[in-house]
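The following paragraphs guide a reader through a structure seen for the first time. Please keep the sequence and the model in view while reading.

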Number of protein chains: 2
Amino acid sequence: MSENVVQRLRDEIENGIISNDFAPGERLDEVQLATRFGVSRTPIREALMQLNAIGLVEIRPRRGAIVIDPGPHRIFEMFEVMAEIEGMAGSLAARRLTDADRTAILAAHADCKRSSSAGDSDAYYYDNERFHRAIYAASHNDFLSEQCVALHRRLQPYRRLQLRVRNRVATSFSEHDAVVEALFAGDAERARTLLRQHVSIQGERFSDLVSTLSRR
Amino acid sequence: MSENVVQRLRDEIENGIISNDFAPGERLDEVQLATRFGVSRTPIREALMQLNAIGLVEIRPRRGAIVIDPGPHRIFEMFEVMAEIEGMAGSLAARRLTDADRTAILAAHADCKRSSSAGDSDAYYYDNERFHRAIYAASHNDFLSEQCVALHRRLQPYRRLQLRVRNRVATSFSEHDAVVEALFAGDAERARTLLRQHVSIQGERFSDLVSTLSRR
DNA sequence: GTAAACAATCTTGCATACAAGAATTTAATT
DNA sequence: AATTAAATTCTTGTATGCAAGATTGTTTAC
């Protein structure tokens with residue numbers, strides 16, 4: 001009948017967590033979810049265990065699942081790692097770029113320009129994601145690319161908050177511009193440095209994040 | 001009695017895969033595993049899904065689970081990422097080292113020296129792991145540390161093969177020595193470079209790996 | 001003899017059932 | 001009135017049952 005119930009449930013609950021529909025710390029009741037999604041507890045449990053493996057949910061033995069609340073410090077740590085592997089992807093991409101990669105990056109970059117100029121931060125959000133994924137793909141290291149996508153996804157909600165900060169979209173785009181230049185010049189180390197800086201949240205950007213977190 | 005049946009099963013099967021007890025490509029039959037471990041299919045299924053999430057097992061819809069066979073190319077990709085994040089851990093460790101970190105690293109390093117001199121490659125294997133974990137911990141980025149441990153674990157079987165190569169243990173130890181020096185000198189970039197080179201499998205080391213893989 | 005189609009069997013996917021450990025409420029004692 | 005203990009209720013963890021898709025084997029037709 002359906003493609004795969006567990007997969008669907010996993011995605012639904014994951015989206016619920018990412019979109020803050022299920023708040024951090026909230027308890028995820030199995031029967032409640034089961035009735036809500038019109039299935040039995042079995043596939044719900046399997047979906048929850050997958051989310052546990054991803055690190056979005058904590059399962060305390062005999063005491064149910066709760067949505068993990070990373071806290072500012074851990075979020076900072078995740079961004080620190082993201083910055084580094086993103087820099088790595090950029091470095092590899094600069095050295096391994098093919099024509100197809102070039103085309104994909106340019107296309108996404110052009111879309112970013114459009115949504116940035118329009119001041120549409122939601123549209124920019126999606127174009128930005130495409131841009132970054134194009135770079136991951138250009139690294140020609142599938143494992144790295146998968147790691148980047150996964151971590152990017154986990155950081156999605158916080159990234160989104162960041163974009164709301166004044167001028168962040170325009171700043172982000174101009175940083176992209178420099179990244180593209182370095183990539184196309186084949187300057188691996190500059191691509192790495194620029195991407196690392198682009199992704200990392202240092203100084204006042206971290207303060208912004210923390211204050212936005214506590215305010216919601 | 002037992003802490004958690006699913007957890008136990010997950011570890012057992014995971015160890016079975018890592019120790020090549022379950023060969024890559026092998027099909028993991030649910031009822032077979034269930035009778036073997038004296039449980040029902042339900043916890044087995046949950047354990048398999050966790051392994052699927054980790055990336056050790058592939059679950060094809062309605063066609064059961066098989067042990068993933070990464071293949072030389074993917075293993076190379078994983079080592080490439082491992083080298084980078086290991087380098088990152090080293091870089092952070094060099095800057096954030098505490099006295100406790102210093103002590104832990106020195107202790108593991110001393111043990112490595114002992115097992116290396118004794119030519120005991122199995123003992124060296126474990127001491128080496130302690131050494132690397134001490135560096136991860138010294139990075140004072142728990143998320144990074146967890147990622148390193150997880151990836152290290154997944155690469156475990158291939159790493160072990162590497163150590164069997166002639167002179168590899170002695171070479172490894174002398175590389176550790178340089179790493180320790182850079183860390184204690186607070187030279188972040190040198191620590192990064194040394195660790196990256198220490199972990200990465202370039203050139204002939206990759207050929208060695210491939211030939212060892214095909215020979216087993 | 002080979003290939004295709006059909007049937008029997010096996011295996012997975014989800015639902016339901018049952019047991020055991022938490023949580024909560026109520027009752028009793030100080 | 002407060003605190004503790006017992007009992008009830010609720011929730012999770014594991015087993016079992018049943019239906020649908022996959023696999024395998026057999027038979028038949030060319």
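In this predicted model, helix α7(B) bends by about 60° at Gln156(B), and this kink comes shortly before the proline Pro157(B). The helix covers residues 142–164 of chain B, 23 residues in total, and spans 31 Å from its first C-alpha to its last. That value is close to the 33 Å expected at 1.5 Å a residue. Several residues of α7(B) are buried, including Phe143(B), Leu144(B), Gln147(B) and Cys148(B), as well as Arg154(B), Leu155(B) and Arg159(B). The cover over these buried residues comes from both chains: it includes α4 (71–96) of chain A, and also α4 (71–96) and α6 (121–138) of chain B.

The contact between the two chains involves 21 residues from chain A and 20 residues from chain B. On the side of chain A that touches chain B, α3 (41–54), α4 and α7 (142–164) each supply at least two residues. The largest share belongs to α4(A), which contributes eight residues.

Which residues touch the most other members of the largest nonpolar core? They are Ala89(A) and Ala89(B), in a core that has 72 residues. With neighbours within four places in sequence left aside, Ala89(A) is in contact with Ile135(A), Tyr136(A), Ser139(A), Leu144(A) and Cys148(A). Another core, of 32 residues, lies apart from the largest one; among its members are Leu9(A), Ile13(A), Val57(A) and Val67(A).

Strand β3(A) pairs with two others. With β1 (residues 27–28) of chain A, β3(A) forms two bridges in the antiparallel sense, and Leu28(A) stands opposite Ala65(A). With β2 (residues 57–60) of chain A, β3(A) is joined by four bridges, again antiparallel, and here Arg60(A) faces Gly64(A). Strands β2(A) and β3(A) form a hairpin with three residues between them, and in the turn Arg62(A) has a positive phi of about 65°.

Chain B has an open sheet of three strands in the order β1-β3-β2, with antiparallel pairing. Strands β1 (27–28) and β2 (57–60) of chain B are at the edges and have a single partner strand each, so one side of each lacks a neighbour in the sheet. Four bridges connect β2(B) with β3 (residues 64–67) of chain B in the antiparallel sense; the bridge partner of Arg60(B) in β3(B) is Gly64(B).

The overall build of chain A may now be considered. Its secondary structure amounts to 10 helices and three strands, and along the sequence these follow the pattern α-β-α-α-β-β-α-α-α-α-α-α-α. The radius of gyration of chain A is 19 Å, close to the 17 Å that the globule rule gives for 216 residues, so chain A is as compact as a globular protein of that length. Taken along the principal axes, the C-alpha atoms of chain A fill a box of roughly 55 × 40 × 30 Å. Of the 216 residues in chain A, 35% count as buried. Among contacts in chain A between residues at least 6 apart in sequence, 68% join residues at least 24 apart.

Notes:
Residues are numbered from 1 along each chain as its sequence is written. Chains are lettered from A and ligands numbered from 1 in the order in which they are written. This is a predicted model: local features need pLDDT of at least 70, side-chain atom pairs count only at pLDDT 80 or more; totals for chains, interfaces and linings use all residues. The expected span of a helix is 1.5 Å times one less than its number of residues. The bend at a residue is the angle between axes fitted to the seven residues ending there and the seven starting there. A residue is buried if 20 or more other C-beta atoms lie within 10 Å of its own, exposed if 12 or fewer, and partly exposed in between; C-beta atoms are placed from the backbone. Two residues are in contact if their C-beta atoms, placed from the backbone, lie within 7 Å. Two strands pair if DSSP finds at least two bridges between them. A nonpolar core is a set of buried Ala, Val, Leu, Ile, Met, Phe, Trp, Tyr and Cys residues joined through C-beta atoms within 7 Å. The radius of gyration is taken over C-alpha atoms; the globule rule is 2.2 Å times the number of residues to the power 0.38.
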